[in-house]
Amino acid sequence: MYMDLTELARETGFEHATILRVDTLTPLNEVREMCAAGKCLLYGRRWSCPPACGSIKSCAEKIAGYRTGVLVQSVGQLEDVFDAEGIRQTEETHKRRFDTLARQVRLVCPGCLPLTAGGCTRCAVCTYPKRPCRFPQKMLSSMEAYGLLVSDVCLKNGLAYYYGEGTIAFTSCILTN
Ligand code: SF4
C-alpha cells in the first residue's frame, strides 16, 4: 500500500517533514563515542541503546537495507535560553507525535526502522540486561544510537537543525522500503 509519509507526518503534527535520502546516512564511531560518554544516562541501560542496539557496522548494514524514509521535526518556542520547561514540553510533544507516526507506519510496513530522539523511554525501568525487551515491536532506538549525526542528516536533506534564538528542535526519522 502506498503511503505518503511526509503528508502523514504533517497530519500527525510535526512542523517539518521531508523525504529522507538513505545515501545521506553515515553511522559514525564518533557519535557512538558521544553516547558512551554517558551524557543522557542511557548508554548500557536500554535495549534500544548502545551497545545493545548493535555495532556501528551492523547499524550501517541495517540502514543500507532500506530504500527511503521520512525525516520529521518538532520545533518549540522558548521564553529564553533557560526555559527548561519549554524544552521538556517540546520533547514530550515530539515523542508523542513520533510514537503515533511510528505506530501507523509499522502497521503498513512492519519491517520499517523508526529512529527517535533520545533513547527508548517506554518503560520506567528497562529490562536490560537481565530479561528480553518487553515490547520489541514498539521499542525505539535513537538516530544517535545508530551513529547518525543529526545536524548533518538535516543539512543533507534540506532541513534546518536550528531555527534561531528562542527555539528548540527535535528530529527523528523512519526508514522504509
Ligand atoms: S520497550 Fe521497555 S524493555 Fe524495551 S527497550 Fe524500551 S524501555 Fe527497555
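Pro51 sits in the loop between α2 (29–36) and α3, where helices (H or I, at least four residues) and strands (E, at least two) are DSSP runs numbered from the N terminus. The peptide bond leading from Pro50 into Pro51 is cis, with omega near 0°. A cis bond also joins Tyr128 and Pro129, again with omega about 0°, and Pro129 belongs to the loop between β3 and β4 (141–142). Most peptide bonds are trans.

A word on the model itself: it is predicted, so local features need pLDDT of at least 70 and side-chain atom pairs count only at pLDDT 80 or more, while totals for chains, interfaces and linings use all residues. Residues are numbered from 1 along each chain as its sequence is written, and side-chain values use heavy atoms, with hydrogens and water left out.

As for the inside of the protein, the largest nonpolar core has 20 residues, and Ile63, Met143, Tyr146, Leu148 and Leu175 have the most contacts inside it. Such a core is a set of buried Ala, Val, Leu, Ile, Met, Phe, Trp, Tyr and Cys residues joined through side-chain atoms within 4.5 Å. Buried means under 20% relative accessible area, exposed over 50%, and partly exposed in between (1.4 Å probe, protein chains only). Two or more residues of this core come from each of α3 (56–64), β3 (113–116), α5 (150–156) and β5 (167–176), and α5 gives the largest share, three residues. Leaving out residues up to four places away in sequence, Leu175 touches Leu20, Val22, Leu25, Ile63, Tyr66, Thr68, Gly69, Cys112 and Leu113, with contact meaning heavy atoms within 4.5 Å. There is also a second, separate core of 14 residues, including Leu5, Ala17, Val105 and Leu140.

Arg97 lies in helix α4 (residues 84–108) and is buried, at 15% relative accessible area. Beyond its neighbours within four places in sequence, Arg97 contacts Thr12, Gly13, Phe14, Glu15 and Ser74. Arg97 and Phe14 are 83 residues apart along the chain, yet their C-alpha atoms are separated by 7.2 Å. Thr12, in helix α1 (residues 5–12), is buried too, with a value of 18%. Not counting residues up to four places away, Thr12 touches Arg97, Thr100, Leu101 and Gln104.

Pro110, by contrast, is exposed, with a relative accessible area of 63%. This proline lies in the loop between α4 and β3, and the C-alpha atoms of Pro110 and Gln137, 27 residues apart along the chain, are separated by 8.7 Å.
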